[in-house]
Amino acid sequence: MDGSIGITLAPADGRDPGTLVRCADVAMYRAKQLSLGVAVYAPDADQNRRERLELLGGLRSAIAGGQLVLHYQPKVDLRTGRTTAVEALVRWQHPAHGLVEPGRFVPFAEQSNLVKPLTRRVLMLALDQARSWWDAGRLLPVAVNVSARMLHDAELISTVRAELDRTGLPPRALELELTESAVMVNTRNAMSVITRLRGEGIRISVDDFGTGYSSLAYLRDLPVHDLKIDKSFVVNVAHRTKDFSIVRSIIDLAHNLDLRVVAEGIESSEVCSLLRDLGCDEGQGFYLGHPVPPADLAA
Ligand code: C2E
Ligand code: MG
Ligand code: MG
């Protein structure tokens, strides 16, 4: 059991019981969300929260109503320079707020029952896009990010299978990216879902590697193909010796475990050649290609 406390002050925050209790409630949710234990009501945070709630109130109908769009970012083989796959990154094309980045609504979907419809929608859009690329003779796999919550849901496997059947694509047309923390929570369950997905012939990566709390024992037993080094280690790898050591160690670790390594967040040619010299297999980042709408990807 755990408790969170929200504090409000009269008369600054209000004079009637209704207002004060509402403010205390808002503060309590903030305490919960940030794991603070205790929070004092802050009008600014409340304003943000109201705007957020307003935005997120429309998410369900946005998913159903086709307001989600996918941008695609290439993953490049650092030795040959060829694009090996593209990662699908979701955006919300909001009628009033413009293009909303995933950081502003995916975490919310993950905390609510919207994560399933969101994942389904993204899988559908990504595989439709892959279908049209494959029809045009571009046999590029698409990588889809899958939330932690989905990994503990056996329905994920049937959804993936149904989408592949619907589009008539082979399993190698799809890759799944799972964040490190997703894999590590409730490992036995996750392990069995990953094993079955891999059994279907789908390539699987651990995303944002280095930011979660990996147990090396799990990494040893996890039936994944790739590790993606988190961009926070990569962006400054050429100038920070500690980042350099971490990146080099992850590359060695991955290779010793027979995994391929992908570095995300490559923003310069300097970092790109440094990673190539360290033996990193693939890379992704603004230097190699920004996430773009599908129509711009060919160029
Ligand atoms: P991620 O899967 O680790 O995606 C990489 C993020 O890094 C993307 O941000 C991408 O635009 C950004 N990025 C790429 N190259 C560079 C670079 O060179 N430098 C820097 N600084 N950043 C770079 P984005 O598109 O905002 O996505 C953020 C996160 O949202 C993703 O992280 C992923 O965890 C999540 N996400 C995106 N689409 C989906 C989705 O369809 N489903 C789920 N569950 N999560 C998604
Ligand atoms: Mg990813
Ligand atoms: Mg990542």
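Colleague: What volume does the largest pocket have?

Modeller: Please bear in mind that this is a predicted model. Rolling a probe the size of a water molecule over the atoms shows where empty space is left. For the largest pocket, the computed volume is about 920 Å³.

Colleague: Which residues that line the largest pocket are the closest to its centre?

Modeller: The lining of the largest pocket consists of 34 residues. By class, 13 of them are nonpolar, 11 polar and 10 charged. The closest to the centre are E87, L89, P102, N145 and D207.

Colleague: Which element gives the largest share of the lining of the largest pocket?

Modeller: Several elements give two or more residues to this lining, among them the helices α4 (106–111) and α5 (115–135) and the strands β4 (83–94), β6 (142–146) and β8 (203–209). The largest share amounts to 5 residues, and its source is β4.

Colleague: How much space lies in the second largest pocket?

Modeller: The lining of this pocket comprises 23 residues, with Q33, N48, R49, R52 and L53 the closest to the centre. The space in the second largest pocket is about 540 Å³.

Colleague: Which element supplies the largest share of the lining of the second largest pocket?

Modeller: Domain 1 (5–47) and domain 2 (57–296) each contribute at least three residues to this lining. At least two residues come from each of α1 (17–33), α2 (43–57) and α4. The largest share, 9 residues, belongs to α2.

Note on methods. Residues are numbered from 1 along each chain as its sequence is written. Chains are lettered from A and ligands numbered from 1 in the order in which they are written. This is a predicted model: local features need pLDDT of at least 70, side-chain atom pairs count only at pLDDT 80 or more; totals for chains, interfaces and linings use all residues. Side-chain values use heavy atoms; hydrogens and water are left out. On a 1 Å grid over the protein atoms alone, a cavity is a set of points where a 1.4 Å probe fits but cannot get out, and a pocket is an open set with protein on both sides within 12 Å along at least five of seven lines; lining residues have an atom within 4 Å of a point. Grid points are joined across faces, edges and corners, and a volume is the space filled by probe spheres set on the points. Helices (H or I, at least four residues) and strands (E, at least two) are DSSP runs, numbered from the N terminus. Ala, Val, Leu, Ile, Met, Phe, Trp, Tyr, Cys and Pro count as nonpolar, Asp, Glu, Lys and Arg as charged, and the others, Gly among them, as polar. Domain bounds come from an automatic or database domain assignment.
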